[in-house]
Amino acid sequence: MLSLMGSTRATFGLARTLRVPLYTPVSTFITASHVSYANTKAATRTKKSTKATTKTSTRSKNTAAKPKKATPAKKDKPWERRDEKTGELLPLPYDRKPTKRPRFLIYFMERLEQVREKPEFQMTNRDGKSVFDIRSAATTIGAEWKQLSDSERSRIDKLYEEHVKKYEKDLQAWQKSLTPDEIQRQNQFFAYQRKQGKKAVPRNISGPDQPKRPLSAFFLFTQHLREQGEANTMPVTEFAREAGAKWKALSAKEKEPYEEKARASKEEYLQRMEEFKTA
């Protein structure tokens, strides 16, 4: 009896759920149940698909909405200045500083123009064109320099003296043209190069009114040798070696006049520097 009541309640409940009349054949119940399950499954699938589409759309929107990070503008170094009109970096003062050429370079540049068109210094490049073989020419000119006659060396010495006079004149004009800002910029760049471990960094630029460093005792001695004409008959490097050997051979008493002069010049330089800094 209880079993029968339970199955009757279940039947009423199923009929209510499927929305079919109570007195309906069993096959209809089965069909209706199958259809209802299929519809429920399809609805669930559609709901999941809608959620996935919404999620993808939201992700795309968020991705598109994110602004791109702007690349930060490169900050100029302390020694860099830009042209107010073009915005291009201005060259440092040292780029326009006059260059002092040694005697060999004066001879080399002169001879280079003389041998440029000679057939023995022509070579064929990869394109089959005849070009100037500067390596071969440099080797030949270097060998000539070593065997240079006294008369030819004297001629080069005169050219060198003329060049030095022009160089010193141009150097003074360059120094007078420097502004305090340019001096500061150039010295900041030199300090940066030293910090990076660069070798052979030039000394800091001094202003046109800044006192010059005095010569050491040894350089005063070499200056004395030059005044006597000992440097006129030999290359600069050879003269430097000879001067060094002669300085070492001097006794303490013989060195004393140069050292005394160097001490006096240094004291005067330090005093003038103090006045320059406080001016």
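How many helices and how many strands are there in the protein? After that, please take me through the largest pocket: what is its volume, and which residues lie nearest its centre?

Modeller: The protein has 9 helices and 2 strands. Helices (H or I, at least four residues) and strands (E, at least two) are DSSP runs, numbered from the N terminus. Read from that end, the order of elements is α-α-α-β-β-α-α-α-α-α-α. This is a predicted model, in which local features need pLDDT of at least 70 and side-chain atom pairs count only at pLDDT 80 or more, while totals for chains, interfaces and linings use all residues. Residues are numbered from 1 along each chain as its sequence is written, and side-chain values use heavy atoms, with hydrogens and water left out.

Some totals come next. Of the 279 residues in the protein, 21% are buried; buried means under 20% relative accessible area, exposed over 50%, and partly exposed in between, with a 1.4 Å probe and protein chains only. The protein exposes about 22200 Å², and carbon and sulfur atoms supply 55% of that area. Such areas come from the Shrake-Rupley method with a 1.4 Å probe, and for residues only the protein chains shown count as cover. Among contacts in the protein with a separation of 6 or more, 56% join residues 24 or more positions apart. A contact means heavy atoms within 4.5 Å.

Now the pocket. Rolling a probe the size of a water molecule over the atoms shows where empty space is left. On a 1 Å grid over the protein atoms alone, a pocket is an open set of points where a 1.4 Å probe fits, with protein on both sides within 12 Å along at least five of seven lines; a lining residue has an atom within 4 Å of a point. Grid points are joined across faces, edges and corners, and the volume is the space filled by probe spheres set on the points.

The largest pocket has a volume of about 1800 Å³. Its lining has 44 residues, and those nearest its centre are Lys100, Tyr167, Leu171, Arg203 and Lys212. Two or more lining residues come from each of helix 5 (150-177), helix 6 (180-195), helix 7 (217-227), helix 8 (236-249) and helix 9 (252-278). Helix 5 gives the most, with 11 residues. By type, the lining divides into 22 nonpolar, 10 polar and 12 charged residues. Here Ala, Val, Leu, Ile, Met, Phe, Trp, Tyr, Cys and Pro count as nonpolar, Asp, Glu, Lys and Arg as charged, and the others, Gly among them, as polar. Domain 1 (78-201) and domain 2 (211-278) each supply at least three residues to the lining; the domain bounds come from an automatic or database assignment.

Helix 7, one of the contributing elements, can be looked at by itself. Its buried residues include Leu220, Phe221 and Leu225. Thr222 also lies in helix 7 and counts as buried because its relative accessible area is 9%. Beyond four places in sequence, Thr222 touches Phe239 and Ala243. After the end of helix 7 comes Gly229, with a positive phi near 90°.

The loop between helix 6 and helix 7 holds Ala200. Most residues other than glycine have a negative phi. Ala200 is not a glycine, yet its phi is positive, about 55°. Ala200 counts as exposed because its relative accessibility is 79%.

Tyr107 lies in helix 3 and is buried because its relative accessibility is 4%. Outside four places in sequence, the contacts of Tyr107 include Trp145, Glu152 and Ile156. Tyr107 and Arg155 are 48 residues apart along the chain, and their C-alpha atoms are separated by 9.8 Å. Glu110 is also found in helix 3; at 25% relative accessibility it counts as partly exposed. With neighbours within four places left aside, Glu110 is in contact with Arg155, Ile156 and Leu159.
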